[in-house]
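Please consult the sequence and the structure while reading.

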Amino acid sequence: TSVSSRAPGEAQALFHRGATARRDGGEEVPVNDHALRVLEFHRVLEGVADRALSPLGRERVLALRPGVDLPGVQRELLRTEELAAFLDRRPEWRAPPVPDARRGLRRLAKEGSVLEALELNALGLLLTAGRELDAALGGAPQELAGLSFLRETLFRGGAREKVIPAAVDAGGSVLESASRELAGIRERLRRAHTRIVRTLEKLLGTLPERFVVPDASVTVRDG
């Protein structure tokens with residue numbers, strides 16, 4: 001039976017069976033998956049995703065679906081045109097790297113939670129990216145008018161942005177500059193380590209030669 005011979009409602013349901021998109025208001029709108037496959041829409045997304053500057057950006061692009069809200073589509077096209085023109089005029093500008101800080105943000109949503117060092121570092125990088133993007137958008141308000149809404153969503157970290165890099169590094173290690181107490185503890189541990197090594201070296205010097213390995217030295221493992 002052809003689609004045209006069915007009742008209008010049934011034909012529409014058949015045509016739209018598949019994935020769904022969302023209007024700006026959150027309303028779900030069916031999208032025909034078969035039509036998207038015929039159009040090789042996934043190849044279009046892959047081509048765009050390959051140009052993404054971060055794994056998060058790539059993930060976001062691959063999750064896109066065609067929109068059905070004409071004003072919304074026109075608005076997105078205008079934003080794309082504005083950004084493309086901005087990049088043509090300022091080829092030296094690069095978007096700041098955006099880390100995947102979702103795990104840390106989810107943890108922060110739970111009262112009393114404590115971030116791991118790597119999560120804290122990611123949030124610090126995210127604050128830096130937000131500040132740099134805010135500066136770029138604020139420096140060209142007319143050129144990027146369509147993207148001005150992004151500034152409203154950015155969190156200004158202020159002093160937090162400087163404190164986090166002083167506390168943890170990209171490898172997840174807590175730095176001595178994180179606190180005076182930590183720096184003092186580590187300094188005492190280093191002194192204790194030195195005393196242990198010197199004591200063992202003295203003990204090694206009292207042993208008979210038959211028990212000493214040539215060129216022997218003292219090392220302390222795991223600390």
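Serine 54 counts as buried because its relative accessibility is 15%; buried means under 20% relative accessible area, exposed over 50% and partly exposed in between, with a 1.4 Å probe and protein chains only. The model is predicted, so local features need pLDDT of at least 70 and side-chain atom pairs count only at pLDDT 80 or more, while totals for chains, interfaces and linings use all residues. Residues are numbered from 1 along each chain as its sequence is written, and side-chain values use heavy atoms, with hydrogens and water left out.

Serine 54 is located in the loop that joins helix H3 (41–49) to helix H4 (55–62). Helices (H or I, at least four residues) and strands (E, at least two) are DSSP runs, numbered from the N terminus. A polar atom of the serine 54 side chain lies 3.0 Å from the backbone nitrogen of glycine 57.

## Helices H3 and H4

Two packed helices are described by the angle between their axes and the distance between the axes. For H3 and H4, the angle is about 160° and the axes are 9 Å apart. Axes are lines fitted to C-alpha atoms, for helices over the stretch in contact, and angles run from 0 to 180 degrees between N-to-C directions.

H3 and H4 are therefore roughly antiparallel to each other; angles under 35 degrees count as roughly parallel, over 145 as roughly antiparallel, 65 to 115 as roughly perpendicular and the rest as oblique. Leu45, Glu46, Val48 and Ala49 of H3 meet Arg58, Val61 and Leu62 of H4.

Helix H7 comprises 23 residues (residues 117–139), which at 1.5 Å a residue should span 33 Å; the end C-alpha atoms are 33 Å apart, in agreement. The expected span is 1.5 Å times one less than the number of residues. Among the buried residues of H7 are Leu123, Gly124 and Leu127. The buried residues of H7 pack against helix H6 (102–108), helix H8 (149–153) and helix H9 (159–167).

The axes of H7 and H9 come within 9 Å and cross at roughly 140°. H7 and H9 are therefore oblique to each other. Their contact (heavy atoms within 4.5 Å) involves several residues, including Leu120 and Arg131 of H7 and Arg160 and Ile164 of H9.

## The whole protein

The protein contains 10 helices and 2 strands. Of its 223 residues, 19% count as buried.

How values were computed. Polar contact = N/O pair within 3.5 Å; in protein donor to acceptor, adjacent residues only side chain to side chain.
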